[in-house]
Amino acid sequence: MRIVVVGAGPAGMAAARTAADAGASVVMVDSEPEAGGQYLRGRARFGHAGVTHLKNTEAWLVEGDVLHVRRTDLPRDETSRLADSGWDGALDRERLSQDETSRLAPGPRRLRFDALIIATGAYDRPLPFPGWDGPGVITAGAAQALAKQGVTLAERVVVTGTGPFLLPVATALQDLGATLVGVYEASSPTRWLREARAITANRHKIGELARYRKVLPRLETRSAVIAKHGDRVTVAKLDGQWRPVSHRTVQADLVCIGYGFLPRTDLLPDARRTGDFYDVDERQRTSVENVYAAGEVTGIGGADLAEAEGVIAGAAAAGQDPPAKAVEAVRRGRLFAQALARAHAVQPGWQTWLDPDTTVCRCEKVRLEDLTDAVSMRELKLSSRVAMGRCQGRICGRNAADLTGVPFDGQRRVIAVPIPLGELAALPEEKS
Ligand SMILES: Cc1cc2nc3c(=O)[nH]c(=O)nc-3n(C[C@H](O)[C@H](O)[C@H](O)COP(=O)(O)OP(=O)(O)OC[C@H]3O[C@@H](n4cnc5c(N)ncnc54)[C@H](O)[C@@H]3O)c2cc1C
């Protein structure tokens, strides 16, 4: 049984480990140089005799029972380890030999699988406002990633957005010596009062709040940054729909924005979804045969839920019954994830923060007033160039859809990662 796992975050590592423990031959692919995903950021120290970890390797297309991967600067010993582990039959020999004559580093280009587990996680969602495309504005996720490397970009910082993720980001920046001017949470904490069932099932999450007690005095709810010009940052008090009801100016050098997360679901464009997320059954099976999904691609609920889903996916893909402990952790975790989605749902009033010349798409410099009266995302892209740049709409697509009222088509792309055209052109032609 050959199982390929895409993603080496909490979900992917758990899936790979569980499947290998069940006797499957497992390859875990990740674009990063080390395992850990967003939460552990290279600090996972993953190792398992039954798992070949392909680092610096991007998965870009699922075609039947084949996963296409690229840019493999694998050290040669890792390539031979893959061959030794019996995976050489799964590699495309012709492409391997082509690689040796090209500028590309050696390594597999196609992996055949009996089962595929997608655990590609999520990326954070910023909301635009006047000045968000200028210097001194980054996503909360980027700030956190830099903080984990011991870097903070400025002295006076502001964190703005919605959801509990704002608190670890603010804490990390403060721990690095930054002056935390404010943490602005757009939603009202009273929304959590309606979520007693989820809270009771996840009491440990309340305990986690204690870790962030140092930043709680700086937390203001029903508030958000709605403009930044130089070091002058406009903070508004919001109503329930996030329309500003009053505002004031604070001084800050860096604004970190985080309005929740959007899943990276590009690899399976045709899988059934609910909202942005893959639908999975109780064994983490997607609607695509032999393809499973685990972690934040199925819903946003934190690293522990991602890990438990990974255990279930790994067991199920290897033909085993999922462990009862993981099933229970997923049941509880999903209650929390659903409550989180309700309590911190993005409200439409943010659309009133923009001026006509506010940038919506940073890659293609598309402003609010450039967005056309399109009826579909495709028409909107072709007529305004929004979502046509390097990020391919990952940052701006959802916001542009909300601003124009066109249906958001999820993250449906033919190719999951940006690939230079020359590299695509260099691929050998299909043999019929
Ligand atoms: C930027 C960011 C920072 C975060 N920081 C924290 C934090 O500090 N604390 C916290 O509690 N939660 C944090 N989160 C939330 C956190 O992501 C989750 O709780 C948890 O890591 C989810 O686990 P996962 O396995 O589903 O996905 P992830 O941990 O995101 O792992 C997904 C992995 O898939 C890889 N990948 C994606 N697409 C491809 C592809 N096409 N080919 C190959 N590899 C691919 C990625 O490189 C990544 O390593 C953060 C989220 C983001 C987006």
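This is a predicted model: local features need pLDDT of at least 70, side-chain atom pairs count only at pLDDT 80 or more; totals for chains, interfaces and linings use all residues.
# A guided tour of the model

Welcome! Of the chain's 432 residues, 46% count as buried. Among contacts with a separation of 6 or more, 66% join residues 24 or more positions apart.

**Stop 1: helix H1**

Select residues 10-21, which form helix H1. With 12 residues at 1.5 Å each, H1 should span 16 Å, and its end C-alpha atoms do lie 16 Å apart, so the two values agree. Is H1 enclosed or exposed? Because 11 of its 12 residues are buried, H1 is largely enclosed by the rest of the structure. Click along H1 to find them; Pro 10, Met 13, Arg 17 and Ala 20 are among the buried residues.

Now show what surrounds H1. Its buried residues pack against strands E1 (2-6), E2 (25-29), E3 (51-54) and E7 (115-118), and also against helices H2 (37-40) and H9 (303-317). Just past the end of H1, pick Gly 23, where phi is positive, at about 100 degrees.

**Stop 2: the largest nonpolar core**

Next, select Ile 3, Val 4, Val 5, Ala 15, Val 26, Ile 117 and Ile 118. In the largest nonpolar core, which has 66 residues, these touch the most other members. The biggest contribution to this core comes from H9, with 9 residues. Elsewhere, apart from this core, there is another one of 42 residues, including Ala 140, Leu 173, Val 233 and Cys 256. In soluble globular proteins, nonpolar side chains tend to be buried together.

Zoom in on Val 4. Which residues does Val 4 contact, leaving aside its neighbours within four places in sequence? They are Val 27, Val 29, Leu 67, Leu 111, Phe 113 and Leu 116.

**Stop 3: helix H5**

Move on to residues 140-148, helix H5, and colour Ala 140, Gly 141, Ala 143, Gln 144 and Ala 147, which are buried. These residues cover an arc of only 160 degrees around the axis, so they sit on the same side of H5. An α-helix has 3.6 residues a turn, so residues three or four places apart point the same way.

Just after H5 comes Gly 150, with a positive phi of about 80 degrees.

**Stop 4: around the ligand**

Select the ligand and its surroundings. How many residues surround the ligand? There are 35, and the closest are Gly 9, Gly 37, Gly 121, Gly 141 and Gly 295. At least two residues of this shell come from each of H1, H2, strand E4 (58-63), E8, H5 and H9. By type, the shell has 17 nonpolar, 12 polar and 6 charged residues.

**Stop 5: two loop residues**

Finish with two loops. Asn 290 lies between strand E19 (277-278) and strand E20 (291-293). Its phi is near 65 degrees, a positive value in a residue other than glycine. Asn 290 has 15 C-beta neighbours inside 10 Å, so it counts as partly exposed.

Lys 365 is in the loop between strand E21 (359-361) and strand E22 (366-367). Here too phi is positive in a residue other than glycine, near 50 degrees. Is Lys 365 buried or exposed? With 12 C-beta neighbours inside 10 Å, Lys 365 counts as exposed.

Definitions and conventions:
Residues are numbered from 1 along each chain as its sequence is written. Helices (H or I, at least four residues) and strands (E, at least two) are DSSP runs, numbered from the N terminus. The expected span of a helix is 1.5 Å times one less than its number of residues. A residue is buried if 20 or more other C-beta atoms lie within 10 Å of its own, exposed if 12 or fewer, and partly exposed in between; C-beta atoms are placed from the backbone. Two residues are in contact if their C-beta atoms, placed from the backbone, lie within 7 Å. The arc is that of the directions from the helix axis to the C-beta atoms. A residue is near a molecule or strand if its C-beta atom, placed from the backbone, lies within 6 Å of it. Ala, Val, Leu, Ile, Met, Phe, Trp, Tyr, Cys and Pro count as nonpolar, Asp, Glu, Lys and Arg as charged, and the others, Gly among them, as polar. A nonpolar core is a set of buried Ala, Val, Leu, Ile, Met, Phe, Trp, Tyr and Cys residues joined through C-beta atoms within 7 Å.
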